[in-house]
Amino acid sequence: MPLLEGKKAFIFGVANHRSIAWAIAQALSREGAQLVLAYQERMEKYVRDLASKIPGTEVVPCDVQNDAELDSAFAKAGELLGGRIDILIHCVAFAPASELENPFLQTTREGFHTALDISAYSLVAMAKRAEPLMKEHGGSMLALTYMASERVMPKYNVMAVAKAALECSVRYLAYEMGEHNIRVNAISAGPLNTLAARGVSGLTGFREQVAHVAPLRRNIEQSEVGDAALFLSSDLARAITGEIMFVDAGYNIMGA
């Protein structure tokens, strides 16, 4: 039997075929999960085109900064998924380009607020709305983070602060939702050529460094993050919660 037979998944963050969220969607679907994909208005065409590649996949609009749209998206997803959600995937992050180009010391109040709101608070906002659809039968929530939350990655700037807040949120949500058998984890993925990553200058050079330094002597692929997400979303990880899993070819263990 497929690992996720009969499971229902709501996925945020698909933008195009290179998105980590899309790799996760493919992995979950391969093991039997029914999917609903949330999309930003400007990404609707891309998300609808991708959704059409997985039979039975539905899409709903949602601006994660808008509480009314979050309410509507979760209500609609609940209807489409038969009144329950087993898996929630959060692959949402954003900071204004200027905040990543300018020195961190010049971070603006507005840029800080935007980055933290979209990249970190959105997980809390989603979890709040997912809980009523999950607590009767338990489930898994999963977010995407990056090791810049723990060490300095030049040009990652305020996004690193947002990822640190996201990881802390994962732990607090894991604690509070554990009584309902809802697990909350995050994957810290290595650098990938995604739409979001292109906003950080020096990505190509850093990927070359990772391939040279990482114990596996290579970069990762989107599908490897998808498979890790599949594991964490399945009953194989039923005793794992509040954790940050590195999927980076081992780069995080190195001293340089």
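1. Are the residues of strand E4 (residues 87–90) buried or exposed? They are all buried, and both faces of the strand are covered. Ile87 and Ile89 lie on one side, with Leu88 and His90 on the other. Keep in mind that this is a predicted model.

2. Look next at the strands that pair with E4. Strand E1 (residues 8–12) pairs with E4 in the parallel sense, over 4 bridges. Here Ile11 has Ile89 of E4 as its bridge partner. Strand E5 (residues 139–145) also pairs with E4 in the parallel sense, again over 4 bridges. Ile87 stands opposite Ser140 in E5.

3. Now the core. The largest nonpolar core has 92 residues. Phe10, Phe12, Leu28, Phe74 and Ile187 have the most contacts inside it. Helix H5 (residues 109–134) supplies the largest share of this core, 11 residues. In soluble globular proteins, nonpolar side chains tend to be buried together.

4. Take Leu28 from that list. Beyond its neighbours within four places in sequence, Leu28 is in contact with residues including Ile11, Ile87 and Ile89. Ala229, Leu230 and Ser233 are also among its contacts.

5. Leu203, Phe206, Val210 and Val213 are buried. Seen down the axis of H7, these buried residues fall within an arc of 100°, so they line one face of the helix. The face turned away from the buried side carries exposed Thr204, Glu208 and His212.

6. Check Lys163, in helix H6 (residues 157–177). Lys163 is buried yet has no salt bridge. The nearest side chain of opposite charge, Glu167, is 7.8 Å away. Leaving out residues up to four places away in sequence, Lys163 touches Ala93, Leu144, Thr145, Tyr146, Ser149 and Tyr156.

Conventions: Residues are numbered from 1 along each chain as its sequence is written. This is a predicted model: local features need pLDDT of at least 70, side-chain atom pairs count only at pLDDT 80 or more; totals for chains, interfaces and linings use all residues. Side-chain values use heavy atoms; hydrogens and water are left out. Buried means under 20% relative accessible area, exposed over 50%, partly exposed in between (1.4 Å probe, protein chains only). Helices (H or I, at least four residues) and strands (E, at least two) are DSSP runs, numbered from the N terminus. The arc is that of the directions from the helix axis to the C-beta atoms. A nonpolar core is a set of buried Ala, Val, Leu, Ile, Met, Phe, Trp, Tyr and Cys residues joined through side-chain atoms within 4.5 Å. Contact means heavy atoms within 4.5 Å. Lys and Arg count as positive and Asp and Glu as negative; His and the chain ends are not counted. A salt bridge is a side-chain nitrogen of Lys or Arg within 4 Å of a carboxyl oxygen of Asp or Glu. Two strands pair if DSSP finds at least two bridges between them.
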